[in-house]
Structure formats: structure tokens, C-alpha cells
Amino acid sequence: MTLVIDGVRKSHGAFELGPIDLAVGEEVLSVLGPSGCGKTTLLSAVAGLIDPDAGTVSLDGLDLTGRPPEKRGTVLVFQDGALFPHMTARENVAYAADADQRVAELAATLEIEGVLDQKADTLSGGERQRVALARSLAADPAALLLDEPLANLDAPIKRRLRDELRPLLSSLDVPVVYVTHDQREATAIGDRLAVIADGELLQLDTPAEVFAHPATPFVASFTGSVNLFSGQVVETETGPALDWNGRELDAAIGGEHVGDDVRFCIRPEYVTLADDETENALAGTITRRVFEGDGHLLDVVPDGDDEAVRLALSPPAYERAELDARDRVRLTLPADAIHVIGNDGGPHETPSRSR
Ligand code: ATP
């Protein structure tokens, strides 16, 4: 089963979505983008809730364009679950199921057996979300479309449901499109990741590839590469390198040429504290420390510069380093962790991979 979105466009006043081209096989495709970038508009066009201005949507070669939502085989689940409030959880799921046995199976899978006889409007957010998922799965969708299904849940239940959802969605063996503005959720759940901003598809690849090689400065910053700098490609004795405010950095230079102004990034997790003279080492002063529970973030301003480099340290690494505010440190920016984006934003889309 393959869901193909071909050249879909939709305008809402000044906002323009697309053209979007995506082919989703029996996989989970996460669609990540900031609020207002057009994620819901895209899902609504696929589900038939709105008519696109141009383009087609097809499922296994069958053109769905113009078909009403209930005749598409797609099921769209919104963040509030949209349950019938005065029906019980069981009645909500049974509404879409063709047999009681199916209700029982789904209740077991989604661990909602204990709340089946509760009215939907008395369920907690997490329970409501599970019941909504059970109801959507009861309809045996040919393609499942999820619009921020975990929004509005508190962090622990969100994390737990996220971890449980991934194997469940994969086991459906149908195209699943999972929309979110949360990068952790998008990467934890998706086999592939599409990043959208301002109605435009910026990159489509595996989550690991998007994180390691963001196609544009926006993708880099939206996926957490806060170390985004400007430099220039220069010729050195050992080949092309980056000049960054008068410092020379070794980096993998791809399509860029000597003299090109470029943007480059390095994720904070890859910046390390260096004890000795290593490649791309620089000295600087700690200007900020933030403890984030699962790690420490340090901002270090290199000598003679005013742009901070951020590094992320695990709690043990941070304790070992015995650092104080305003300490001087040496950093290493490993050459193979530096990703050169190019100043025009680079390619807008990485080639989609056949699965
Ligand atoms: P969020 O993450 O906040 O839900 P989103 O990425 O899903 O956002 P959309 O809901 O698709 O974004 O909206 C994209 C843009 O289109 C927004 O600027 C929104 O205000 C506008 N928009 C969406 N639906 C309509 C409509 N029916 N009429 C006018 N403008 C609309």
C-alpha cells in the first residue's frame, strides 16, 4: 500500500502550501514543522476534508481526488481525539469496529480495558488519546493520518505513549503520516522525516540523516543544531577548509568552492572538551551553564569572538570536568561532525530513499 501526494497545493489567503510531493509506503512518515507551517492543511487535503487547489492524492494507484472522506480508506485522528463525549469508551470504539472481538483486541493492545465502560468525557487526556487511536484502528484504515496525537499530554505520559506508539504503528503495515511540531516525537516515531516550513517541504530523509545533514539553516536550527555559523571556504595546504572569523576549521567540503560564503553547523552533542592540541581546537570562556535534567548545556565564547559555541555534556562528563562559571576551556569541533550547508540554503530536498 502506497500513499502518493503529488503536487498538492492549497492557499489560505496569504498562506500557500506546496506543491508537496511525497510517497509514503508501509512506513511511518513523521511530518515536522513549526506551528502554522501547513501540517494540518496537508493532512486535511489527504483525508478529503478540504479540496486542494492543485495536485492529486492516490492510494495504491487509486486517485482519491474528489472522493468524500469516508470513501477514501484514510482515517484522520486529531489531537483531541474527537470522541463522542456522552458515549462510553467501548461505544466509541465499537462505532467503528465490525465485531465485539475487534473491540476487545484493540482494548488489550492499547491497554484501555479498565476504562471501556467510562463515558468519554470522564477520561483523562492519555486515556482519551488511546481510545481515539483504538477507534481509528477499528476502522482498519488503508492509511492512517495522525495530527499531533500526543499534544496536550503531560511529559511522562507523552513519552510513554510515544514509545508504545512506534511498534504499534509499524505493525499496521499501512502508510502512516504522523504530524507533530516536536522534534523528539518526530524522530522517535518516524521511519522517515519530512520537514516543512512556511508551506514548503524542505527535507525528506531518515531522522538520523536530517539531524546529521540538515539541508537548510532552518532545518538545522529547528532540529536543535543551535551552533549555526557563517564562514568561507578557503584553500589550505591540505585542501579546502573553512575560515570562521579568522580561524581555520577542517571540515568535509562537498559541492562548495574556494571563496564561497557558507553556513555550517555542528550539533552541541558533538562538541567536546579537549585537553590537548587536537584538530579544530579552540580556547574560550564559559558564559552560560544550563542544567536540563538529562544533561548540561554550556555556552563557550571563543577568544576574540562574540558568537558562543554550545556543547552538551552528560551529567557524568560534566562532573568529571569540574567546571565553574567563567572558567576557561578548550573545545574541539570534530571535522566529521561539521556539516556545511551552503549559503543559499543548500538543496531543498534530499533525494527520497526507496525503502
Ligand atoms: P499547528 O501546528 O499550529 O496546528 P499547522 O502547521 O497545522 O499549525 P495549518 O493549520 O495547516 O498549520 O495552517 C497553515 C496556515 O493556514 C495558517 O496560517 C492558518 O492560519 C491558515 N489556515 C488554515 N486553515 C485556514 C482556513 N480554513 N481559513 C483561513 N486560513 C487558514
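The model is predicted, so to speak of local features a pLDDT of at least 70 is needed and side-chain atom pairs count only at pLDDT 80 or more, while totals for chains, interfaces and linings use all residues. Residues are numbered from 1 along each chain as its sequence is written, and side-chain values use heavy atoms, with hydrogens and water left out.

Let us begin with the whole chain. The protein chain has nine helices and 20 strands; helices (H or I, at least four residues) and strands (E, at least two) are DSSP runs, numbered from the N terminus. Along the principal axes, the C-alpha atoms fill a box of roughly 70 × 45 × 35 Å. The protein chain has 355 residues, and 50% of them count as buried. Here buried means under 20% relative accessible area, exposed over 50%, and partly exposed in between, with a 1.4 Å probe and protein chains only.

Next comes the ligand. Around the ligand you will find His12, Phe15, Pro34, Ser35, Gly36, Cys37, Gly38, Lys39, Thr40, Thr41 and Glu148, where a residue is near a molecule if one of its heavy atoms lies within 4 Å of it. Helix H1 (residues 39–47) gives the largest share of this shell, three residues.

Serine 35 places a polar side-chain atom 2.5 Å from an oxygen atom of the ligand. A polar backbone atom of glycine 36 is 2.8 Å from a ligand oxygen atom, and an N or O atom in the side chain of histidine 12 is 3.4 Å from a ligand nitrogen atom. On its own the ligand has 640 Å² of accessible area, and the protein covers 54% of that; such areas come from the Shrake-Rupley method with a 1.4 Å probe, and for residues only the protein chains shown count as cover.

Now turn to the aromatic rings. The structure holds five aromatic pairs. Rings of Phe, Tyr and Trp (its six-membered ring) pair if their centres lie within 6.5 Å; planes under 30 degrees apart count as stacked, over 60 as edge-to-face and the rest as tilted. One of the pairs joins phenylalanine 229 and tryptophan 244, and it is tilted because the centres are 4.5 Å apart and the planes stand at 35°. Phenylalanine 229 belongs to strand S11 (residues 227–236) and tryptophan 244 to strand S12 (residues 239–244), so the pair links distant parts of the chain, 15 residues apart. Phenylalanine 229 also pairs with phenylalanine 264, again tilted, at 5.7 Å centre to centre and 55° between the planes. Since phenylalanine 264 lies in strand S14 (residues 261–266), this pair ties strand S11 to a part 35 residues apart in sequence.

Together, Phe229, Trp244 and Phe264 form one aromatic cluster. Phenylalanine 229 is buried at 2% relative accessibility, tryptophan 244 is buried at 0%, and phenylalanine 264 is buried at 0%. The charged end of arginine 247 sits over the ring of tryptophan 244, 4.7 Å from its centre. A charge sits over a ring if NZ of Lys or CZ of Arg is within 6 Å of the ring centre and within 35 degrees of the ring normal.

Glycine 18 and proline 19 are joined by a cis peptide bond with omega about 10°, and proline 19 lies in strand S2 (residues 15–24). Asparagine 245, in the loop between S12 and strand S13 (247–249), has a positive phi near 50° although it is a residue other than glycine. Asparagine 245 counts as partly exposed at 48% relative accessibility. Aspartate 60, also not a glycine, has a positive phi of about 50° and sits in the loop between strand S4 (54–59) and strand S5 (62–63).

Notes: Polar contact = N/O pair within 3.5 Å; in protein donor to acceptor, adjacent residues only side chain to side chain.
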